[in-house]
Amino acid sequence: MAQLGKLASNIPEGLPGYRLAVIGDCATQHISKAIRGTGAAKGLAISVLDTDYDQILAQTSDPSSELYEFAPDGVFIMMCTEKLYDKFTHTPDSERAGFADGVYAWISARWDELSSGRKVSILQSLFTEYDDRVFGSFASRLKTSFIYQLRRLNMLICEGADLKKNVYPVDFQYFTSKYGTDTVKDSKMFAIAKLPFAASAIPEVASAVVDIILALKGKSLKCLILDLDNTLWGGVVGDDGTDGIQIGDYGTGKAFTAFQKWLLELKKRGLLLAVCSKNDEDKAKDPFINHPDMVLRLEDFAIFVANWEPKPENIKMIRETLNIGMDSLVFIDDNPFERNSVREMLPEVTVPELPEDPADYVDFLRGEGLFEAVSYSAEDGGRTDMYRAEAGRVLASKTCGSYTEYLESLDMKAEAKPFSSFWFPRIAQLSQRSNQFNLRTVRYTEAEIADAAADKDAVTVYFTLKDRFGDSGLISAVIMRKLDDETLFVDTWIMSCRVLKRTMEEFIVNKMISSAKEAGYKKVVGEYLKTPKNAMVAEIYSKLGFNRISDTRFEADVASFKYNQSFIKEL
Amino acid sequence: MNIETEAKITAKLNEIFSFVFDDDSIRVTRSTSANDIEAWDSLTHITLISEVEDAFKMKFFMKEVVGMKNVGEMMDIIAERAKKI
């Protein structure tokens with residue numbers, strides 16, 4: 001703790017900043033100091049306003065309090081179990097079943113005061129579990145017991161935080177369970193100084209807070225780069241062969257299986273996995289293809305690098321290919337030489353020491369607190385596929401002689417069909433979000449998209465794209481409306497910029513003309529309406545075979561149109 | 001407490017005090033008290049106690065934390081209770 005105090009008084013210049021106000025019902029000075037120190041150690045200059053003892057209500061309810069004057073980015077509310085218990089003992093038996101709800105109402109009122117008219121993140125401590133053992137295990141089912149109410153209160157805080165969106169629970173239970181209350185708590189220090197944690201646990205408390213702040217600042221780790229031999233499995237695949245490596249029930253394999261299972265969970269939550277191994281590529285890949293007990297498979301990795309180049313070089317290449325920050329990488333390798341070479345050459349990369357015994361890998365890495373999150377959506381789990389596809393394209397473009405050959409090698413296929421109800425939400429979303437590749441920037445809701453689809457005088461087409469590296473899903477939509485009996489007007493053409501320069505634009509224009517032809521029209525008129533963001537498509541109609549007929553309008557004759565070359569096949 | 005033990009404890013306390021109060025020139029004696037070290041307040045006292053407890057693998061009693069008058073008293077408790085000197 002004294003170590004963190006030193007860091008706190010000597011924060012390097014040039015670090016990004018964060019303003020944190022700390023309010024609590026216990027002594028918070030040591031915690032505040034440790035938060036500053038931990039921030040400095042993790043690359044964030046946190047200025048902390050540590051308010052006086054037991055000032056939560058005074059600070060939140062008074063609009064002219066020093067907290068509001070400080071204008072914090074975040075507020076950490078530290079509430080201790082000791083005080084909660086004190087309050088509980090003063091609650092009449094008849095009211096104890098509603099104790100948690102009462103305390104929660106008080107806490108959420110503080111959140112509302114803090115949030116009213118302000119953009120502030122609230123870090124709310126959860127109560128560490130402490131059982132007074134008055135009822136033994138029976139307390140866990142007795143609504144009027146302290147532990148029952150404490151657990152209920154924690155759950156209320158978590159559910160409330162989920163609704164409020166700007167509230168982030170700080171959960172100390174992880175390290176409290178790990179080290180035990182005998183270590184984490186010090187009754188003597190609470191009695192003397194109202195210190196809610198033993199001094200030796202304060203760095204853990206500070207880390208729990210700082211890790212959330214780092215995640216809020218977007219400084220979170222995004223990709224785990226993994227060694228193979230003796231990291232993902234026991235043994236050396238080059239020597240032992242796929243049959244001889246230890247995974248699953250063979251030898252010490254269970255420990256590696258557990259590690260792989262954990263990595264798969266991280267992948268599902270949106271982290272990218274990458275392989276960086278000194279191996280022949282075919283030998284390194286073989287277990288992922290042919291070993292029945294492997295949990296991870298090739299498709300779980302965004303990129304797979306196995307060669308004999310130095311690892312720092314390979315990591316640089318991985319970073320460039322995935323196009324993510326060097327400081328968002330974690331490198332995991334059982335070999336101290338490799339770890340040190342990466343630390344030396346690429347200091348921004350996080351390189352955890354690894355315990356010597358692979359049985360301890362999972363517990364150790366869990367304890368490092370590397371993967372804090374402040375949001376999650378079900379889509380995050382699909383991130384690997386997206387990056388994997390992009391990485392494949394980058395590598396393919398490097399090995400192909402010309403861009404044309406590259407496009408041919410992608411084996412691109414598109415679906416081009418009238419709008420159907422399954423796609424209405426996605427088309428509406430694209431219409432709301434597209435700014436750059438958007439010819440007229442008309443925004444449509446889902447209901448309006450449905451209307452266009454049903455309109456007899458409209459021709460609608462949506463486009464999907466996939467190639468041999470992956471499926472990009474629905475990436476473009478066109479709405480053409482009848483101008484007169486001979487003419488269709490392109491009311492809307494939007495496209496995702498992810499698929500630029502793959503001859504998708506050519507494919508779409510060709511489809512516009514052929515659809516117009518099928519519907520019996522003789523001309524198609526397109527329009528470009530300038531916005532501050534859509535300059536990239538200013539000349540697109542003239543480039544793709546339309547003739548300019550006014551400042552904003554372009555026309556194509558259906559019968560004589562020269563179709564553009566495209567490397568995309570229609571499904 | 002024999003001279004050897006006292007010397008060992010003093011050497012270790014000098015290290016801890018220098019570290020906690022961020023002053024390498026600190027040399028404690030039996031009579032050193034909070035009056036002699038400017039940075040020694042109620043806040044740093046808690047840090048000091050924790051560091052001493054960790055270093056000597058022992059715990060002070062609550063009344064000792066609030067009642068110790070000088071480093072001499074601290075040394076006597078350490079000599080009596082420390083698992084490691």
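**Exercise 1.** How many residues does the contact take from chain B, and how many from chain A?

Solution. The model is predicted, so local features need pLDDT of at least 70 and side-chain atom pairs count only at pLDDT 80 or more, while totals for chains, interfaces and linings use all residues. Residues are numbered from 1 along each chain as its sequence is written, and chains are lettered from A and ligands numbered from 1 in the order in which they are written. Counting two residues as in contact if their C-beta atoms, placed from the backbone, lie within 7 Å, one finds twelve residues from chain B and 14 residues from chain A. On the side of chain B, helices H1 (3-20), H2 (42-56) and H3 (62-67) each supply at least two residues, where helices are DSSP runs (H or I, at least four residues) numbered from the N terminus. The largest share of that side, six residues, comes from H2(B). Sorted by class, the side of chain B that touches chain A has seven nonpolar, two polar and three charged residues; here Ala, Val, Leu, Ile, Met, Phe, Trp, Tyr, Cys and Pro count as nonpolar, Asp, Glu, Lys and Arg as charged, and the others, Gly among them, as polar.

**Exercise 2.** Is Ile192(A) buried, partly exposed or exposed?

Solution. First locate Ile192(A), which is found in helix H10 (residues 187-193) of chain A. A residue is buried if 20 or more other C-beta atoms, placed from the backbone, lie within 10 Å of its own, exposed if 12 or fewer, and partly exposed in between. Because Ile192(A) has 18 C-beta neighbours inside 10 Å, Ile192(A) counts as partly exposed. Finally, leaving aside neighbours within four places in sequence, Ile192(A) is in contact with Met62(B), Val65(B) and Val66(B).

**Exercise 3.** Which residues have the most contacts inside the largest nonpolar core?

Solution. A nonpolar core is a set of buried Ala, Val, Leu, Ile, Met, Phe, Trp, Tyr and Cys residues joined through C-beta atoms within 7 Å. The largest such core has 76 residues, and Val205(A) and Val209(A) have the most contacts inside it. Helix H11 (residues 202-216) of chain A gives the most to this core, with nine residues. Not counting residues up to four places away in sequence, Val205(A) touches Ile31(A), Ala34(A), Phe172(A) and Phe197(A). Another core lies apart from this one and has 51 residues, among them Ala452(A), Tyr462(A), Ile475(A) and Ala556(A).
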